[in-house]
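Please read the following walk through the structure with the sequence and the coordinates side by side.

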Amino acid sequence: MFHALVAIKQVPDTTNIRIDPVTGNLVREGVPAIMNPYDAHALAAAVEWKRKLNGRVTVVSMGPNSFITTIREAIELGADRGILVSDRKFAGADTLATSYVLAEVIRAIHEQDPLDLIFFGKQAIDGDTAQVGPGVAVRLDMPIVTYAVAIRAVDLDDATVVVERKTERWTEVVETPLPALLTCEKDIAEIPFAPLPDLIRSLRYEPEVWTMDGPITFDTEMIGVRGSPTIVYQMGTPPLPEPGEKISAREEGIEAALAFTFKKAQEAGVLQTMIGGAQ
Amino acid sequence: MTTRRFWVFLEQELGHVHPVSWELLGVARVLASQVAEEAAAAGDEVVVEGVLLGHQVRAIAEMAIGYGADRVYLMDDPVLEHYRNCPFYMGIEAIATKYEPEVFLIGATTLGRDLAGAIATSLGTGLTADCTKLEMGDVKGASQKLLLATRPAFGGNIMATIVCRRHRPQMSSVRPRVFPAPAYDPEARGEIVEESLDVTEEGARACILEFIHAKEDTVDIEYSDVIVSGGRGLGGPDGFALIKELADAMGGVVGSSRPCVDAGWISYAHQVGQSGKTVRPKVYVAAGISGALQHKVGMQNSDFIIAINNDPNAPIFEVADVGIIGDLYEVIPAMIKEIKARKEAQA
């Protein structure tokens, strides 16, 4: 039977992030937490194939207890089993340490109940690194297809999957052996409306919580701050650029504003480029 | 004496080099020069080296020397003809284990991002994504200068400087156009060292069945000299017709801010900003774009920026060389007319 796993992350809705104008600090209060949008689409794809192949979907999320709401949301969207991987000792993990913990969890699930496909979003919108998916694939020694935009076929007998991946240059149609890891673009699947039974189930769903105390063991040298080769050395606000010169077309007229613009362009040596005469 | 190696991944597909490879050779040279004094005092050698994988791509290795590589490690094998994750990361893992580079830079392209996370994990080292500033600097407690890798976090609202203290190489990915390309020196001399790949076709674990080339909307905004971008101030998708008209008059391409892409007014390929493309054209026109930080980090390195906005307090004016306060639907048609008139006057 088809078994897919989806790694999901809860993220602050970065489109809503504000900076305190006085302190320059990030304002976290009131910023809604959402399921990372790419993960939501990846989950939708996993659920779509679960229905086609009559299988199961397990979701895994690593983070604090507040991530339970996101796991419930995944159940609502059609996941069967949710696991929260949570321990204070995991805190401060960079992408290397995160990929270690996730890989150990996925390995344990795979040993219990073999996986065919593992889904990640192409990146999380709060960090934008796109590093954890490839890291997990390397640790599990599984083939990876990044930037997946469509799954054409899953053949469980031949143990292969055919995926379209979109790069900057073209779209590649790639066949790769199962089990495989995919990192997904939003195009991979539309997020469906939750069927009522899933919705009801999600309300009361209590995910399993995996910690340092079990059910699996983690190498303490590989987790959290200790297992993270990178550290944040400094934080600062971006340097303020030199403000340019403004002219009001309303007050001084459009002609004057344009004359000013072309004069400035000439001074900057880009006038020829501007009038489409660049060599 | 030890050799301190500053490495750059030379990205190519079907023999076409991605220009980010040259941009990174330029950065690596600057980083190498920042440790020159310290290395000389210790009797160490400092070198900039390229890493090139592919099939029949030796000509690219020679070009890399002209762009500043002292040495290029060339892995030429039919298995490497098309980029695939497994053979590429395994090949690079082998050479990196052999030569132990101190710093390793990779372009933050779709290919580079696919590769960088895999290499960093296989080497068990740290990787900082999408750096906008790189510097070799003193860090308390470190015996040598370390790579200070600065990247925007939280939508560009904060700049975080990341260091990788003990693990090597110190890896960073950098987007195209964040740094300028160095000049090509045809007289430059360097060495090409051939390495062999220990992965078979079977071991590639992926078979590319087909390449589909997009028919529509294959705009390449990253390397255009002129970009005219529209924002929410356009009021709707139809506004991009006017943006296109100005872009055409200027011989440029159409860009967009993120809200327009999110709203479906224009495709993602046009998006400028932290979650889109980083650009540094000679001329950048921002029309109806308020100037959210995440947009500014993607375009503030442009040579000349013209902002057109109704709101005199729009943050876009902070990065603009010229800010025109006014209605873009009045200003742009007048600008198109003016450009055409000047063009005719020249002809």
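Does B:Asp138 count as buried or exposed, and what is its relative accessibility? B:Asp138 counts as exposed because its relative accessibility is 60%, where exposed means over 50% relative accessible area, buried means under 20%, and partly exposed lies in between, with a 1.4 Å probe and protein chains only. This is a predicted model, in which local features need pLDDT of at least 70 and side-chain atom pairs count only at pLDDT 80 or more, while totals for chains, interfaces and linings use all residues. Residues are numbered from 1 along each chain as its sequence is written, chains are lettered from A and ligands numbered from 1 in the order in which they are written, and side-chain values use heavy atoms, with hydrogens and water left out.

B:Asp138 sits in the loop between strand E8 (133–137) and strand E9 (146–153) of chain B; here helices (H or I, at least four residues) and strands (E, at least two) are DSSP runs, numbered from the N terminus. Not counting residues up to four places away in sequence, B:Asp138 touches A:Tyr233 and B:Lys145, a contact being heavy atoms within 4.5 Å. From B:Asp138 to B:Leu148 the sequence separation is 10 residues, and the C-alpha to C-alpha distance is 8.8 Å.

Chain B as a whole contains 9 helices and 18 strands. Along the principal axes, the C-alpha trace of chain B spans about 65 × 50 × 40 Å. Of the 347 residues in chain B, 61% are buried, and among its contacts between residues at least 6 apart in sequence, 64% join residues at least 24 apart.

For chain A the comparison with the globule rule reads otherwise: a compact globule of 279 residues would have a radius of gyration near 19 Å, but chain A has 24 Å. Chain A has 8 helices and 15 strands, and its C-alpha atoms fill a box of roughly 75 × 45 × 40 Å, taken along the principal axes. Buried residues account for 56% of the 279 residues in chain A, and 69% of the contacts between residues at least 6 apart in sequence join residues at least 24 apart.

The interior can be followed through the nonpolar cores, each a set of buried Ala, Val, Leu, Ile, Met, Phe, Trp, Tyr and Cys residues joined through side-chain atoms within 4.5 Å. In the largest core, which has 39 residues, B:Leu246, B:Met250, B:Ile306, B:Ile308, B:Ile324 and B:Ile332 touch the most other members. Helix H6 (residues 239–250) of chain B supplies the largest share of this core, 7 residues. Leaving aside neighbours within four places in sequence, B:Leu246 is in contact with B:Val228, B:Val285, B:Ile332, B:Met335, B:Ile336 and B:Ile339. A second, separate core of 38 residues includes A:Ala4, A:Ala44, A:Phe119 and A:Val163.

A:Val174 is buried because its relative accessible area is 4%.

Some backbone details remain. A cis peptide bond with omega of about 5° joins A:Gly214 and A:Pro215, the proline being in the loop between strand E13 (208–210) and strand E14 (230–236) of chain A. Another cis peptide bond, with omega of about 0°, joins B:Arg168 and B:Pro169, and B:Pro169 is found in the loop between strand E10 (158–164) and strand E11 (170–174) of chain B.

Positive phi values near 55° in residues other than glycine occur at A:Asn54 and at B:Asp130. A:Asn54 lies in the loop between helix H1 (37–53) and strand E6 (56–62) of chain A, and A:Asn54 counts as exposed because its relative accessibility is 57%. B:Asp130, in the loop between strand E7 (127–128) and E8 of chain B, counts as buried because its relative accessibility is 7%.

Terms used. Rg over C-alpha atoms; globule rule 2.2 N^0.38 Å.
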